[in-house]
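Dear colleague,

Here is the structure I said I would pass on. My notes on it follow below.

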Amino acid sequence: MEDESSETRKRARVAILELANMISVPMSLNAVVRLNVADAIWQGGTNSPLSASEILARIHPSGGDPENLQRILRMLTSYGVFAEHLNADAIERKYSLTEIGKTLVTDGEGLSYAPYVLQHHQDALMRAWPLVHEAVLDSTTEPFVKANDEPAYDYYGKRPEMNGLMLKAMSGVSVPFMKAVLKGYSGFQGLERLVDVGGSAGDCLRMILHKYPIVQGINFDLPEVVAKAPNIPGVTHVGGDMFKSIPSADGIFMKWVLTTWTDYECKQIMENCYNALPVGGKLIACEPVLPKDSDDSHRTRALLEGDIFVMTIYRAKGKHRTEEEFKQLGHSVGFSHFQAFYVDYFYSILEFQK
């Protein structure tokens, strides 16, 4: 029998309790986003430590419960979202934002990671999570469909508020990532015509063309999506279906597209990309790339958690893939050269050349 008084068993018990109660983390994060705590602390960049009472006075002047807010702030401090400051007698706790917490602050363009947090925790998505085990028993249908009777993108499309939140969430994530891409990756240099597959409103193309103004941009998405896209100098909006054909160009760009599709569907998309490119042309895909080995780093956990999110919400057999898996997908449709660029800890750049 195990000695339940041993340090090993004590650590095991507290670890499983932490895992069992971990729903407190995303739900508390959701709460501080809804309460707009980050902007209340930030106040134009001061980031001065504030007590729960002082924060509450800024976000809800008519009252509220500062003790309960402090409980949430203290728990999220243990995950590095806030920094805690104790006075000499340890009676009053004050909180400022860490680098993680600053990702929730609304910037000058009205963007942050806050909508991404909210988007993940909407009622329709939350209904799917108790059914994760169903993806093991029956992988033909993702848990979201079993919970809501239709695929996620169809569901969003019928609900403008959900679709709007998703687009804002994607912008909040995309803009800082694209800034890192444009600083750390030079693969757009020399391209004359670039198609952004699934480009939505054209935000990524706008940023690419700002640095490479000689590029002719084609924003390619579903007709109903590009119909709402704004006018962008140098960009032509084209509606269509990536499973049927993709406009010809010497460069094709896509971001977080392959992740939400099965291997078979990815091959269809990539084959259409291959057919749209001249010899020497390239597909530039920005995707989460799983490490070969599993470990407990923040990066590995974030990628593996994202993989389960895709499986639960978007596609039971859609997935995050390793670099080798992406390389093999490219080779299977004819791409002869492959290279990965790690300019970010979550999304990587995958370059497939014809």
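Glu 150 is buried, at a relative accessible area of 15%. Its side chain meets that of Lys 158 in a salt bridge, with 2.8 Å from N to O. Lys 158, in contrast, is exposed, with a relative accessible area of 57%. Please keep in mind that this is a predicted model.

The salt bridges in the structure number 14. Another of them joins the side chains of Asp 263 and Lys 319, at 3.5 Å from N to O. Asp 263 belongs to helix H15 (residues 263-276), while Lys 319 sits in the loop between helix H16 (298-314) and strand E9 (321-322), so this pair ties together parts that are 56 residues apart in sequence. Asp 263 is partly exposed, with a relative accessible area of 32%, and Lys 319 is also partly exposed, at 25%.

Glu 84 and Arg 93 form a salt bridge through their side chains as well, at 3.0 Å from N to O.

On the domains: the assignment for the protein chain gives domain 1 (7-103) and domain 2 (174-353). Their centres, taken over C-alpha atoms, are separated by 36 Å.

Which residues of helix H4 (residues 52-59) are buried? They are Ala 52, Ile 55 and Leu 56. Viewed down the axis of H4, these buried residues fall within an arc of 100°, so they line one face of the helix. The elements that cover them include helix H3 (37-42), strand E1 (50-51), helix H5 (66-77) and strand E3 (93-97).

On the surface, Ile 16, Leu 17 and Leu 19 make up a nonpolar patch, and together they have about 310 Å² of accessible area. Leu 19 is part of helix H1 (residues 7-20). With a relative accessible area of 53%, Leu 19 counts as exposed.

Glu 109 is exposed too, with a relative accessible area of 55%. It lies in the loop between helix H6 (99-102) and helix H7 (114-120). From Glu 109 to Ser 245 there are 136 residues in sequence and 34 Å in space, C-alpha to C-alpha.

Two backbone angles may be of interest when you go through the loops. Gln 43 is not a glycine, yet its phi is positive, near 45°. Gln 43 is located in the loop between H3 and E1, and at 42% relative accessibility it is partly exposed. Ser 200, again not a glycine, has a positive phi of about 55°. The loop that holds Ser 200 runs between strand E4 (193-197) and helix H13 (203-211). Ser 200 is partly exposed, at 22% relative accessibility.

Regards

Technical notes
Residues numbered from 1 in each chain as written. Predicted model: local features only at pLDDT ≥ 70, side-chain atom pairs only at ≥ 80, totals over all residues. Heavy atoms only, no water. Patch = residues over 30% accessible without salt bridge, like charges linked within 9 Å, V, L, I, M, F, W, Y side chains within 5 Å. Areas by Shrake-Rupley, 256 points an atom, 1.4 Å probe, with all protein chains shown as cover. Salt bridge = Lys/Arg side-chain N within 4 Å of Asp/Glu carboxyl O. Helix = DSSP H or I, 4+ residues; strand = E, 2+ residues; numbered from the N terminus. Buried < 20%, exposed > 50% of the residue type's maximum accessible area, 1.4 Å probe, protein only. Domains from an automatic or database assignment. Arc of directions from axis to C-beta. Contact = heavy atoms within 4.5 Å.
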